[in-house]
Amino acid sequence: MPIDTGIYRDVALGLACRRKAFVENGKYSIVQRHSQIQSLVNGLVNHLNQSANVYEAAENNLWNSGYVSTYIQNGSVQTSHYENWNAIAHLMKQDKKTTLSASASWAYKEAGATFRMRYASATARAKIGDFQVKGSCEIGLWKDKEWDPRLEVSAKAQASLLSTQVSGRVGTNNVYATASAKGSAGTIYAEATCVLSQNEQTLEAGVGAAALRGEASLAFNFFGARITLTAEGSIGSAEAKLSYHHKNREWEFGTKLGFIAGLGFKINVSY
C-alpha cells in the first residue's frame, strides 16, 4: 500500500517551525534542559524527513520495476439492493431521480492477478461457475426547474461454466491506450438496456447461447478525445444482438448476428 510521505514532511515542517533559541538569562540546568529538548526535536525532524526519502525511493524503485499480486479464493454469493424514492422532489420540480436496483451473483471459484508499473498496468480475473442477475431503473423529470424527462432501464441475466477477463493500460495521464478482453465457455445470456431523454437515446438488446464466447476492445485517448473499437465472436452459438447509442459529443453503433459461429462489432466515439 502506498505511504503518504507528505504527512511525514508536514509534521517535520511543523516541528521545525516551532524550534526557538533560549535567549533569556536563567539557570544552567534550564538552559541545558532546553538544549536537550531542542536536540530531540531536531532528531525527530531529521528522522521524519529521512523516512519520507527512504519510503519514496523504495516506492519509485518498486513502481519502475513493476510488481505483481495474485489471489485464489472460494466463490461466494453476493447480493445488493438499492432504493431511492424521490416522489416529493418530482412534485417540487427538483433535479433528483428515483432509482431502483438489485443484483445477485455467485461463483464456485475465483482467481486474479494484477501487474503495475509507472506507465503500464494489467489485471486478469477468472471464475468457475459464474452466475449473474441484475436490473435497474432510474427516472428523472426535471433539470434546473425545466421539464426534462429521462428514463433508464436495464436488465441482464447470464450463466457461464467458465469466465475470464483481462485488461491493460499503457501511457501517461493525457495520452494513453487501453485494451481489454473477456471470454466465457458454456454461456447463456439475455440482456436489454433502454435510455430515453432529450439528450440521449440508447437501445440495446441481446440474447443467445454459446459454447465459446469472447469480446475484445481497444481504446485510444488523446487529450480528452476517445475512440473505442470492440469486436465480439462466438463458436457453437445462436445469438442476436443490436445496439445504438447517441448523446451530446458521443455516438455508438453495433450489431451481431450468428448461428453456429458469430461475429460482431461496436464503435464508440466521444470528444
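1. Ala, Val, Leu, Ile, Met, Phe, Trp, Tyr, Cys and Pro are taken as nonpolar, Asp, Glu, Lys and Arg as charged, and the others, Gly among them, as polar. On that scheme the lining of the largest pocket has 15 charged, 15 polar and seven nonpolar residues.

2. The model is predicted: local features need pLDDT of at least 70, side-chain atom pairs count only at pLDDT 80 or more, and totals for chains, interfaces and linings use all residues. Numbering runs from 1 along each chain as its sequence is written, and side-chain values use heavy atoms, with hydrogens and water left out.

3. The protein chain has three helices and nine strands, in the sequence order α-α-β-β-α-β-β-β-β-β-β-β. These are DSSP runs numbered from the N terminus (helices H or I, at least four residues; strands E, at least two).

4. The largest pocket has a volume of about 1,000 Å³. A pocket here is an open set of points on a 1 Å grid over the protein atoms alone, where a 1.4 Å probe fits, with protein on both sides within 12 Å along at least five of seven lines; lining residues have an atom within 4 Å of a point. The volume is the space filled by probe spheres set on the points, which are joined across faces, edges and corners.

5. Its lining comprises 37 residues, with Gln132, Lys134, Lys156, Gln158 and Lys182 nearest the centre. Elements giving two or more residues include β3 (97-117), β4 (120-143) and β9 (250-270). β4 supplies the largest share, eight residues.

6. Of the chain's 271 residues, 24% are buried (under 20% relative accessible area, 1.4 Å probe, protein chains only).

Terms used. Buried means under 20% relative accessible area, exposed over 50%, partly exposed in between (1.4 Å probe, protein chains only).
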